[in-house]
Amino acid sequence: MRKAAICILVLCIAIRSSGQDKARGTREPKRFKYYFNSGIGYYLPFESSKWLADRGAAYAFNFQCNYRDRYFTHLYFDMAVINYSKENTVVNNVASNFDYKLNANNVGLDIGYTLPMKKVSPYIYAGLGLSFMDTPFIKPGSAANDIVFGTKTNAFFQYRGAIGVDYKISRYFILYLEAMYSSTAFKSVLDDQRLQGVSLILGFKTPL
């Protein structure tokens, strides 16, 4: 009788443990996951311009929230540094050389979708935001043969979209590579066109 009771007790413990292991195996992953992302790369303007250089630097910083590992949002804080340059600029009968670095500081929100895989996961997103720029200008001065150079801070609506791929190194470190198109309603007295182009960015993601 005593041996039978011990056998029944051991059997009950084994069944309970098996049920717990099964429950752990079928437990759903977390609905929400949070990441900090950062990257650096090249900014390449689309349209040819006598003022814009052929390239600039792009910096990406954002906080990412994943929903069920497929849908995500970015709260982004990005920056692009683009060279403005021109030689023998004639304003008010004065010739001068012009060299300036345009800083575009961007803030906004993206919405995207990723296809989760074991190591490599492609993704796509689009977003809207604001771009704050110190836009340069040259104008005639109050006196003859006088020119005035200056900058003016302006805010422009920005829209953007990107495709990319994540490569999972470990649970705590993910590399990503993406191509992002962005465009703003940027026009200045120097260059009467929008500032638009593609940023090629290499960066990392780490969970919070």
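User: Strands are DSSP runs of E, at least two residues long, numbered from the N terminus. In this predicted model, which strand gives the most to the lining of the largest cavity?

Analyst: The largest cavity has a volume of about 150 Å³. Its lining takes at least two residues from each of β2, β3 (71-91), β4 (94-114), β5, β6, β7 (173-184) and β8. With four residues, the top contributor is β3.

User: Which residues lie nearest the centre of the largest cavity?

Analyst: The lining divides by class into twelve nonpolar, six polar and two charged residues. It has 20 residues in total. Nearest the centre are Tyr43, Ala80, Asn106, Gln158 and Ser182.

User: Which strand gives the most to the lining of the second largest cavity?

Analyst: The second largest cavity has a volume of about 60 Å³. Its lining counts 13 residues, with Asn62, His74, Tyr125, Tyr176 and Glu178 closest to the centre. Two or more residues come from each of β2, β3, β5, β7 and β8. The most, three residues, come from β7.

User: Which element supplies the largest share of the lining of the largest pocket?

Analyst: The largest pocket has a volume of about 670 Å³. Among its 24 lining residues, Lys33, Tyr35, Asp69, Lys168 and Ile174 are closest to the centre. β1 (32-45), β2, β5 (120-140), β6 (147-170) and β8 (196-207) each give two or more residues. The largest share, four residues, belongs to β1.

User: How many residues of the lining of the largest pocket are charged?

Analyst: The nonpolar class holds eleven of the lining residues. The polar class holds four. The charged residues number nine.

User: Which side chain makes a polar contact with that of Asn66?

Analyst: The pair of side chains is joined at 2.6 Å. A polar contact needs N or O atoms within 3.5 Å. The partner of Asn66 is Gln64.

User: What share of the contacts in the protein chain between residues at least 6 apart joins residues at least 24 apart?

Analyst: From the N terminus, the order is α-β-β-β-β-β-β-β-β. Of its 208 residues, 36% count as buried. For contacts between residues at least 6 apart in sequence, the share joining residues at least 24 apart is 61%.

Definitions and conventions: Residues are numbered from 1 along each chain as its sequence is written. This is a predicted model: local features need pLDDT of at least 70, side-chain atom pairs count only at pLDDT 80 or more; totals for chains, interfaces and linings use all residues. Side-chain values use heavy atoms; hydrogens and water are left out. A polar contact is a pair of N or O atoms within 3.5 Å; within protein, one must be able to donate a hydrogen and the other to accept it, and residues adjacent in sequence count only if both atoms are side-chain atoms. Buried means under 20% relative accessible area, exposed over 50%, partly exposed in between (1.4 Å probe, protein chains only). Contact means heavy atoms within 4.5 Å. On a 1 Å grid over the protein atoms alone, a cavity is a set of points where a 1.4 Å probe fits but cannot get out, and a pocket is an open set with protein on both sides within 12 Å along at least five of seven lines; lining residues have an atom within 4 Å of a point. Grid points are joined across faces, edges and corners, and a volume is the space filled by probe spheres set on the points. Ala, Val, Leu, Ile, Met, Phe, Trp, Tyr, Cys and Pro count as nonpolar, Asp, Glu, Lys and Arg as charged, and the others, Gly among them, as polar.
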